[in-house]
Amino acid sequence: MKLGLSLYSFGADIHSGRMTTQEAIRQAAALGCDGVELVAEQHIPGWPDPSLDDLTEIRDLITSLGMELFCFSCYFGKNIRSDRPQTQDELHATARKMIAMAAYMGAPIMRPAFTADPVDELIDFVRAMLPTLEKYGVIWGVEVHAPHPPGYYQKALETVDSPWFRLVPDFSCWQGPEAPGQIQSNELSTFEPLLPYTVHCHAKAHFFDENGEEPNTPYKELLGMLRDYGFEGSVAGEYEGWFLDYKPSVETTGTMFRLLERYGRG
(Lines give C-alpha, C1' and ligand atoms only; values in the text may rest on other atoms or scores of the structure.)
Protein backbone atom coordinates (compact mmCIF):
# COMPACT_ATOMS: atom_id res chain seq x y z
CA MET A 1 0.00 0.00 0.00
CA LYS A 2 1.01 3.63 -0.49
CA LEU A 3 1.40 5.83 2.58
CA GLY A 4 1.24 9.59 2.95
CA LEU A 5 -0.47 12.52 4.60
CA SER A 6 -3.54 14.61 4.11
CA LEU A 7 -2.53 18.26 3.97
CA TYR A 8 -5.38 18.77 6.45
CA SER A 9 -2.87 17.52 9.02
CA PHE A 10 -0.95 20.81 8.62
CA GLY A 11 -4.11 22.81 9.35
CA ALA A 12 -2.71 24.75 12.31
CA ASP A 13 0.23 25.96 10.23
CA ILE A 14 -1.73 26.69 7.04
CA HIS A 15 -4.65 28.42 8.77
CA SER A 16 -2.34 30.58 10.89
CA GLY A 17 -0.19 31.54 7.89
CA ARG A 18 2.93 29.83 9.23
CA MET A 19 3.01 27.53 6.20
CA THR A 20 1.75 27.63 2.63
CA THR A 21 0.20 24.74 0.77
CA GLN A 22 3.44 24.38 -1.19
CA GLU A 23 5.51 24.27 2.00
CA ALA A 24 3.22 21.59 3.43
CA ILE A 25 3.70 19.51 0.28
CA ARG A 26 7.47 19.86 0.57
CA GLN A 27 7.35 18.86 4.24
CA ALA A 28 5.36 15.73 3.35
CA ALA A 29 7.98 14.84 0.74
CA ALA A 30 10.80 15.40 3.26
CA LEU A 31 9.13 12.90 5.59
CA GLY A 32 9.19 10.26 2.84
CA CYS A 33 5.52 10.24 1.88
CA ASP A 34 4.46 8.36 -1.24
CA GLY A 35 1.76 10.93 -1.79
CA VAL A 36 -0.61 13.50 -0.31
CA GLU A 37 -4.27 14.29 -0.19
CA LEU A 38 -5.52 17.85 -0.46
CA VAL A 39 -8.80 19.49 0.51
CA ALA A 40 -9.77 21.86 -2.27
CA GLU A 41 -11.43 24.50 -0.08
CA GLN A 42 -8.41 24.71 2.22
CA HIS A 43 -5.47 24.22 -0.10
CA ILE A 44 -6.33 25.57 -3.56
CA PRO A 45 -6.26 29.39 -3.96
CA GLY A 46 -9.40 30.95 -5.38
CA TRP A 47 -11.59 27.91 -4.79
CA PRO A 48 -14.19 27.18 -6.16
CA ASP A 49 -12.94 29.01 -9.25
CA PRO A 50 -9.17 28.52 -9.15
CA SER A 51 -6.85 29.63 -11.90
CA LEU A 52 -5.27 27.06 -14.19
CA ASP A 53 -1.87 28.40 -13.11
CA ASP A 54 -2.53 27.60 -9.43
CA LEU A 55 -3.81 24.10 -10.21
CA THR A 56 -0.81 23.43 -12.43
CA GLU A 57 1.69 24.74 -9.88
CA ILE A 58 0.38 22.45 -7.12
CA ARG A 59 0.10 19.45 -9.43
CA ASP A 60 3.60 19.89 -10.82
CA LEU A 61 5.15 20.44 -7.39
CA ILE A 62 3.73 17.16 -6.11
CA THR A 63 5.05 15.18 -9.07
CA SER A 64 8.42 16.97 -9.07
CA LEU A 65 8.95 15.74 -5.51
CA GLY A 66 8.30 12.15 -6.53
CA MET A 67 4.87 11.94 -4.92
CA GLU A 68 1.33 11.27 -6.08
CA LEU A 69 -1.88 13.14 -5.38
CA PHE A 70 -3.74 10.29 -3.69
CA CYS A 71 -7.11 11.97 -3.41
CA PHE A 72 -8.82 15.24 -4.31
CA SER A 73 -11.21 16.07 -1.46
CA CYS A 74 -13.94 18.66 -1.85
CA TYR A 75 -17.30 19.71 -0.48
CA PHE A 76 -20.55 20.52 -2.18
CA GLY A 77 -24.23 20.43 -1.42
CA LYS A 78 -27.60 22.06 -1.91
CA ASN A 79 -27.13 24.84 0.59
CA ILE A 80 -24.15 26.80 -0.70
CA ARG A 81 -26.34 29.71 -1.84
CA SER A 82 -27.90 32.17 0.61
CA ASP A 83 -31.09 32.72 -1.40
CA ARG A 84 -32.20 29.20 -2.33
CA PRO A 85 -31.07 25.58 -2.51
CA GLN A 86 -29.15 24.56 -5.60
CA THR A 87 -31.14 22.76 -8.24
CA GLN A 88 -30.27 19.23 -9.26
CA ASP A 89 -28.91 20.51 -12.57
CA GLU A 90 -26.65 22.94 -10.71
CA LEU A 91 -25.42 20.18 -8.41
CA HIS A 92 -24.64 17.98 -11.41
CA ALA A 93 -22.71 20.80 -13.07
CA THR A 94 -20.69 21.40 -9.88
CA ALA A 95 -19.87 17.71 -9.57
CA ARG A 96 -18.77 17.45 -13.21
CA LYS A 97 -16.50 20.47 -12.70
CA MET A 98 -14.89 18.91 -9.63
CA ILE A 99 -14.38 15.58 -11.39
CA ALA A 100 -12.62 17.36 -14.25
CA MET A 101 -10.39 19.28 -11.82
CA ALA A 102 -9.49 16.10 -9.94
CA ALA A 103 -8.46 14.54 -13.24
CA TYR A 104 -6.40 17.58 -14.23
CA MET A 105 -4.60 17.44 -10.90
CA GLY A 106 -3.77 13.79 -11.52
CA ALA A 107 -5.88 12.40 -8.68
CA PRO A 108 -7.35 8.93 -9.31
CA ILE A 109 -9.90 9.47 -6.51
CA MET A 110 -12.25 12.32 -5.65
CA ARG A 111 -13.74 12.33 -2.16
CA PRO A 112 -16.75 14.63 -2.28
CA ALA A 113 -18.24 15.46 1.10
CA PHE A 114 -21.75 15.47 -0.31
CA THR A 115 -24.64 15.29 2.12
CA ALA A 116 -27.30 12.97 0.78
CA ASP A 117 -29.99 11.62 3.07
CA PRO A 118 -31.52 9.16 2.52
CA VAL A 119 -28.78 7.11 0.86
CA ASP A 120 -31.08 6.55 -2.12
CA GLU A 121 -30.45 10.18 -3.04
CA LEU A 122 -26.71 9.47 -3.22
CA ILE A 123 -27.34 6.40 -5.37
CA ASP A 124 -29.29 8.45 -7.92
CA PHE A 125 -26.69 11.21 -7.93
CA VAL A 126 -23.71 8.91 -8.41
CA ARG A 127 -25.47 7.02 -11.18
CA ALA A 128 -25.92 10.32 -13.01
CA MET A 129 -22.19 11.03 -12.60
CA LEU A 130 -20.91 7.63 -13.76
CA PRO A 131 -20.39 8.65 -17.43
CA THR A 132 -18.31 11.67 -16.32
CA LEU A 133 -16.31 9.63 -13.80
CA GLU A 134 -15.51 7.02 -16.43
CA LYS A 135 -14.70 9.68 -19.04
CA TYR A 136 -12.10 11.30 -16.78
CA GLY A 137 -10.91 8.11 -15.07
CA VAL A 138 -11.77 9.34 -11.58
CA ILE A 139 -13.27 7.20 -8.80
CA TRP A 140 -15.94 8.72 -6.57
CA GLY A 141 -14.74 7.69 -3.09
CA VAL A 142 -17.55 8.01 -0.57
CA GLU A 143 -16.19 8.48 2.95
CA VAL A 144 -17.58 6.39 5.78
CA HIS A 145 -16.91 8.38 8.95
CA ALA A 146 -18.09 8.30 12.55
CA PRO A 147 -20.82 8.54 13.72
CA HIS A 148 -22.09 6.52 10.75
CA PRO A 149 -21.58 2.77 11.15
CA PRO A 150 -19.02 1.09 8.84
CA GLY A 151 -21.74 -0.51 6.71
CA TYR A 152 -23.63 2.75 6.15
CA TYR A 153 -22.99 2.83 2.38
CA GLN A 154 -23.15 -0.89 1.71
CA LYS A 155 -26.51 -0.62 -0.05
CA ALA A 156 -25.24 2.21 -2.24
CA LEU A 157 -22.06 0.32 -3.21
CA GLU A 158 -24.00 -2.81 -4.11
CA THR A 159 -26.75 -0.95 -5.97
CA VAL A 160 -24.47 1.27 -8.06
CA ASP A 161 -22.12 -1.69 -8.61
CA SER A 162 -19.43 0.24 -10.47
CA PRO A 163 -15.62 0.42 -10.22
CA TRP A 164 -16.04 4.21 -10.40
CA PHE A 165 -17.88 4.29 -7.06
CA ARG A 166 -15.87 3.04 -4.12
CA LEU A 167 -15.20 3.60 -0.43
CA VAL A 168 -12.88 5.78 1.67
CA PRO A 169 -13.04 4.42 5.25
CA ASP A 170 -12.03 6.83 7.99
CA PHE A 171 -10.35 5.25 11.02
CA SER A 172 -12.67 7.30 13.26
CA CYS A 173 -15.21 4.49 12.87
CA TRP A 174 -12.96 2.27 15.00
CA GLN A 175 -11.57 4.78 17.49
CA GLY A 176 -11.98 4.09 21.19
CA PRO A 177 -14.43 5.92 23.46
CA GLU A 178 -11.82 8.46 24.64
CA ALA A 179 -11.38 9.97 21.17
CA PRO A 180 -12.83 13.51 20.83
CA GLY A 181 -16.45 13.44 19.73
CA GLN A 182 -16.61 9.65 19.70
CA ILE A 183 -20.15 8.38 20.22
CA GLN A 184 -19.83 4.68 19.43
CA SER A 185 -16.84 2.49 18.67
CA ASN A 186 -17.23 -0.40 16.25
CA GLU A 187 -15.72 -3.86 16.34
CA LEU A 188 -12.62 -4.29 14.17
CA SER A 189 -14.36 -7.14 12.36
CA THR A 190 -16.65 -4.59 10.71
CA PHE A 191 -13.69 -3.32 8.67
CA GLU A 192 -13.25 -6.59 6.79
CA PRO A 193 -16.45 -6.41 4.66
CA LEU A 194 -15.36 -2.96 3.44
CA LEU A 195 -12.00 -4.07 2.08
CA PRO A 196 -13.19 -5.16 -1.42
CA TYR A 197 -14.63 -1.66 -1.95
CA THR A 198 -11.81 0.35 -0.34
CA VAL A 199 -9.54 2.47 -2.55
CA HIS A 200 -8.21 4.99 -0.01
CA CYS A 201 -8.22 5.42 3.78
CA HIS A 202 -8.06 8.29 6.22
CA ALA A 203 -5.86 7.29 9.16
CA LYS A 204 -7.37 9.53 11.83
CA ALA A 205 -5.28 10.78 14.76
CA HIS A 206 -5.85 13.21 17.61
CA PHE A 207 -3.08 12.50 20.12
CA PHE A 208 0.20 10.59 20.38
CA ASP A 209 1.76 9.10 23.49
CA GLU A 210 5.43 9.02 24.46
CA ASN A 211 5.92 5.92 22.27
CA GLY A 212 4.50 7.58 19.17
CA GLU A 213 1.27 5.57 19.31
CA GLU A 214 -2.23 6.97 18.81
CA PRO A 215 -3.90 5.62 21.97
CA ASN A 216 -7.46 5.94 20.68
CA THR A 217 -6.99 4.45 17.21
CA PRO A 218 -6.05 0.79 16.46
CA TYR A 219 -3.48 1.61 13.77
CA LYS A 220 -1.67 -1.72 14.14
CA GLU A 221 -4.82 -3.76 13.64
CA LEU A 222 -6.39 -1.69 10.85
CA LEU A 223 -3.17 -1.37 8.82
CA GLY A 224 -2.47 -5.05 9.45
CA MET A 225 -5.85 -5.96 7.98
CA LEU A 226 -5.11 -3.86 4.92
CA ARG A 227 -1.69 -5.54 4.50
CA ASP A 228 -3.13 -9.03 4.93
CA TYR A 229 -5.79 -8.28 2.33
CA GLY A 230 -3.12 -7.19 -0.14
CA PHE A 231 -4.41 -3.64 -0.31
CA GLU A 232 -2.65 -1.68 -3.06
CA GLY A 233 -4.45 1.63 -2.58
CA SER A 234 -3.41 4.59 -0.47
CA VAL A 235 -3.61 5.59 3.19
CA ALA A 236 -3.35 9.25 4.21
CA GLY A 237 -2.57 10.14 7.80
CA GLU A 238 -5.12 12.70 8.98
CA TYR A 239 -4.03 14.52 12.12
CA GLU A 240 -7.06 16.28 13.54
CA GLY A 241 -5.69 17.29 16.93
CA TRP A 242 -4.27 20.57 15.64
CA PHE A 243 -7.56 22.41 16.06
CA LEU A 244 -7.34 21.92 19.84
CA ASP A 245 -4.26 24.10 20.32
CA TYR A 246 -3.03 25.40 16.92
CA LYS A 247 0.54 24.44 17.80
CA PRO A 248 3.01 23.88 14.92
CA SER A 249 2.23 20.46 13.44
CA VAL A 250 5.54 19.60 11.76
CA GLU A 251 6.76 17.36 14.60
CA THR A 252 3.34 15.79 15.08
CA THR A 253 2.90 14.94 11.41
CA GLY A 254 6.34 13.31 11.49
CA THR A 255 5.23 11.16 14.42
CA MET A 256 2.08 10.20 12.56
CA PHE A 257 3.86 9.25 9.36
CA ARG A 258 6.37 7.10 11.28
CA LEU A 259 3.39 5.35 12.89
CA LEU A 260 1.92 4.65 9.45
CA GLU A 261 5.26 3.24 8.29
CA ARG A 262 5.64 1.10 11.42
CA TYR A 263 2.45 -0.85 10.77
CA GLY A 264 1.84 -0.20 7.09
CA ARG A 265 5.18 -1.31 5.67
CA GLY A 266 5.15 -4.69 7.41
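A residue is called buried when its relative accessible area is under 20%, exposed when over 50%, and partly exposed in between (1.4 Å probe, protein chains only). The model described here is predicted: local features need pLDDT of at least 70, side-chain atom pairs count only at pLDDT 80 or more, and totals for chains, interfaces and linings use all residues. Residues are numbered from 1 along each chain as its sequence is written, and side-chain values use heavy atoms, with hydrogens and water left out.

**Salt bridges**

Side chains of opposite charge can pair when their charged atoms come close. A salt bridge is taken as a side-chain nitrogen of Lys or Arg within 4 Å of a carboxyl oxygen of Asp or Glu.

| Pair | N to O distance | Burial |
|---|---|---|
| R111 and E143 | 3.3 Å | both buried |
| K204 and D170 | 3.3 Å | both buried |

Helices (H or I, at least four residues) and strands (E, at least two) are DSSP runs numbered from the N terminus. In the pair R111 and E143, the side chains meet at 3.3 Å, N to O. This pair links distant parts of the chain, with R111 in strand β4 and E143 in strand β5, 32 residues apart.

K204 and D170 also form a salt bridge. K204 lies in strand β7 (residues 200-205) and D170 in the loop between β6 and β7, so the pair ties together parts that are 34 residues apart in sequence. A network of salt bridges joins D170, K204, E238 and E240. E240 sits in the loop between β8 and α9 and is buried at 17% relative accessibility. Apart from residues up to four places away in sequence, E240 touches Y8, K204, A205 and H206, contact meaning heavy atoms within 4.5 Å.

**Helix α6**

Helix α6 (residues 119-136) has 18 residues and reaches 25 Å from its first C-alpha to its last, close to the 26 Å expected at 1.5 Å a residue; the expected span is 1.5 Å times one less than the number of residues. The helix bends by about 45° at M129, and P131 follows within four residues. The bend is the angle between axes fitted to the seven residues ending at a residue and the seven starting there. Among the buried residues of α6 are V119, L122, F125 and M129. The buried residues of this helix pack against elements including β3 (68-76), α5 (88-105) and β5 (139-144). G137 follows α6 and has a positive phi, near 70°.
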